[in-house]
Every structure is written in structure tokens, then in C-alpha cells.
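Subject: Structure for your files

Hello,

Here is the structure I said I would send. Please open it next to the notes that follow.

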Amino acid sequence: MDFRSSDTITGPRSEDVLPTTATAAVKVVIVGGFGVGKTTMVGSVSEIRPLTTEETMTQAGVGVDDNVGVESKTATTVAMDFGRISLSDELILYLFGTPGQERFWFLWNGLFEGALGAVVLIDTRRLQVSFDVIGRLEERGVPFVVAVNTFPDAPHHPVEALRNALDLPDEVPIIDCDARLRASSRDVLLTLMRYLHSLAVPLG
Amino acid sequence: MSAPRRERRKADPELSDPERLYVITGDNDGERAALDLVTMVVSQADPSPTVQPEQAAILRLCRAPLSVAEISAYLSLPFSVVTSLLTELLATELIESRAPIVRAALPDRSLLEAVMHGLQKL
């Protein structure tokens with residue numbers, strides 16, 4: 001393995017070093033199709049310059065073709081951008097922007113199960129790319145909100161039309177945002193937290 | 001709206017598909033510690049000359065708390081390689097790790113309130 005000498009490794013900048021009390025971490029996952037603005041959203045609210053973690057996946061085809069005895073293997077590297085928000089001296093929020101393609105989700109076991117919730121970022125010009133993601137989250141019981149990244153030339157649909165097209169129950173929040181703006185991205189996260197908070201109230 | 005409408009999924013066909021792809025991560029078949037992307041890691045000692053370079057780099061990086069994802073990013077090493085290195089460091093007690101707070105069946109309202117409070121300060 002090609003490993004750089006430890007002299008050349010750049011760690012966090014001095015202003016990015018966490019206090020020793022920072023021991024409680026939570027995570028939120030931002031999902032959406034390619035080019036929908038996941039990394040933009042991570043970058044606009046993160047206190048650190050977004051970083052990239054990667055994983056290598058080896059797919060071994062099993063019993064899928066005729067050449068018995070010949071193992072077919074392909075390696076794919078999948079990168080995921082993430083950012084960080086220090087919520088207090090103890091509590092740190094990590095935001096992961098994950099590729100929309102479902103086959104990559106296997107790479108990080110527990111990425112969704114362990115997350116407090118998810119933000120589904122959509123572009124109204126390409127609504128279909130989010131269908132599969134939403135289905136997966138529903139199946140896994142991961143609570144999520146839908147944030148519409150308002151691109152200037154994208155058609156604006158009333159929320160109820162979007163809710164109908166995405167087949168979402170009334171309680172799932174759908175909000176507009178501008179992923180480039182810190183305040184707007186923060187409001188998306190606050191909407192998610194309020195929604196999760198509402199789920200903690202017993203239905204009666 | 002004329003756009004196509006999403007159809008609710010019935011069941012995950014992959015779960016019953018005998019020909020589904022097997023996904024194998026990493027190249028180390030050994031036991032791994034249960035580490036999440038946001039498990040926080042802190043060094044318990046300075047690197048000794050006998051520690052391998054990657055592990056020495058981790059010990060230096062983690063003098064202040066750092067998540068596994070950040071270690072992977074700063075070292076430019078895949079997540080599974082980092083977890084393998086961390087497993088050894090945990091076994092020899094050169095690092096300490098703290099598991100993340102994960103979503104529970106019943107959401108923890110005081111935790112969510114702490115998150116909201118922190119976000120409102122942004």
C-alpha cells in the first residue's frame with residue numbers, strides 16, 4: 001500500500017482541533033442524485049472544509065455466468081464527502097453526503113441505521129432520481145425530510161404536488177432551500193430535528 | 001404536475017435474490033472492532049519506535065479527539081483499512097474509542113433539543 005510518510009500528513013488546522021471534551025458524536029446523512037447539491041450543502045454548514053472518506057468495494061459475481069471456476073471481481077472505490085458542526089463542547093454533528101446509487105449503500109454498514117435521520121435533497125428537474133432513495137429510507141425505517149434545492153431554472157411546484165409525486169405521507173416535511181447558503185442549510189437540519197422531536201411525542 | 005409519480009416499493013427483491021452480489025470490503029479477514037464512521041478516537045500514548053508508520057500517524061493525529069471518518073480522510077486511506085489499523089491500536093490500548101449516539105427506537109428528546117440548540121447558534 002502506498003502510504004505517505006507521516007511527515008507529509010496534514011492533520012486538522014489548529015482552529016479545527018476539537019476540545020478533549022468532544023466525545024459524543026451524532027450523524028445525519030444527506031442523500032440525493034448526482035449533482036443535486038449534497039456536497040454544497042455539507043460545505044455550507046460545516047465548520048471544517050469538507051473532507052472525503054473512501055471505501056473500496058470488491059464485487060465478486062457468484063453464479064451469475066457460465067464460466068464456472070472463473071471468479072469475476074471488480075473493485076470500485078466510492079468516495080463520500082462529509083463535514084462537521086460542533087454543537088457544544090461535548091456534542092459533535094457529522095454530515096455525510098452519500099452517493100445516490102443504492103449499491104454503494106452497502107459499503108458503510110450502519111451509515112443509515114446509526115444516523116439520527118436523513119435529508120433527501122431533490123432537484124425538481126430530475127425528481128425521479130430520488131424515488132429509489134426515498135423507498136430505501138422507508139424500508140429501513142430511517143426518518144427523513146425532503147429539501148428542494150431551488151435551482152434558478154428549475155420548475156417550482158406547489159408542495160402538495162411534490163408530496164403527491166413523491167407519494168409521501170402528510171407528516172414528512174418538504175421544504176425549499178438554497179444549499180449554497182449556511183442559514184438555509186441550517187434550517188433544513190433544524191426542520192429534520194423538529195420532525196424527529198415530533199416523532200418522540202406519543203400519538204394520541 | 002406531469003412528472004412521473006413514485007410508486008411505493010413492495011419488498012426488496014435483493015433480499016430474496018439468490019444471485020445477489022456479495023460485497024466484501026477491505027483485504028483483511030481478521031476480526032474488526034465495531035467502529036462507526038463517527039466513532040471518536042483519542043490517543044492514550046505517544047507513538048513508540050516499534051509502532052508501524054500508519055499507526056504512528058494515527059496516534060499523532062488523535063492527540064485531540066477525531067472521528068474514524070476524519071482519520072480516513074487525513075491519511076487518505078479507505079475506511080476498512082483504517083478500522084483494521086484501529087482494531088490493533090485498541091487491542092494494545094494505545095487508543096480509546098467512544099461509540100456514537102445512534103438513533104433509538106424512541107427518539108431521545110433531550111439529545112434532539114441539544115442538537116437544535118447547537119444549530120441555532122450557527
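Of the 122 residues in chain B, 34% count as buried. Please keep in mind that this is a predicted model.

Chain B is built from five helices and four strands. Along the sequence these elements come in the order α-β-β-α-β-α-α-β-α. If you take the contacts in chain B between residues at least 6 apart in sequence, 67% of them join residues at least 24 apart.

On confidence, the average pLDDT of chain B is 83, and 80% of its residues score at least 70. One stretch to treat with care is residues 14-29 of chain B, where pLDDT stays under 50. For that stretch the model has 20 contacts beyond four places in sequence. For the complex, the predictor gives an ipTM of 0.87 and a pTM of 0.85.

Next, the contact between the two chains. Chain A puts 65 residues into it and chain B puts in 51 residues. On the side of chain A that touches chain B, the elements giving two or more residues include four strands by name: S1 (24-31), S2 (51-61), S3 (72-86) and S4 (91-98) of chain A. The helices in that list are H2 (131-140), H3 (159-166) and H4 (182-199) of chain A. Which element gives the most to this side of chain A? That is S2(A), with eleven residues. Sorted by class, the side of chain A that touches chain B holds 38 nonpolar, 20 polar and seven charged residues.

- Asp167(A) is not a glycine, yet it has a positive phi of about 50 degrees. Asp167(A) sits in the loop between H3 and strand S7 (174-177) of chain A. Is Asp167(A) buried or partly exposed? Asp167(A) counts as partly exposed because it has 14 C-beta neighbours inside 10 Å, while a buried residue needs 20 or more.

- Ser76(B) is likewise not a glycine and has a positive phi, of about 55 degrees. Its place is the loop between helix H3 (68-75) and helix H4 (79-91) of chain B. Ser76(B) has 13 C-beta neighbours inside 10 Å, so it counts as partly exposed; with 12 or fewer, a residue would be classed as exposed.

Regards

Methods
Residues numbered from 1 in each chain as written. Chains lettered and ligands numbered in written order. Predicted model: local features only at pLDDT ≥ 70, side-chain atom pairs only at ≥ 80, totals over all residues. Contact = placed C-beta atoms within 7 Å. Nonpolar A, V, L, I, M, F, W, Y, C, P; charged D, E, K, R; others polar. pLDDT = per-residue confidence, 0-100.
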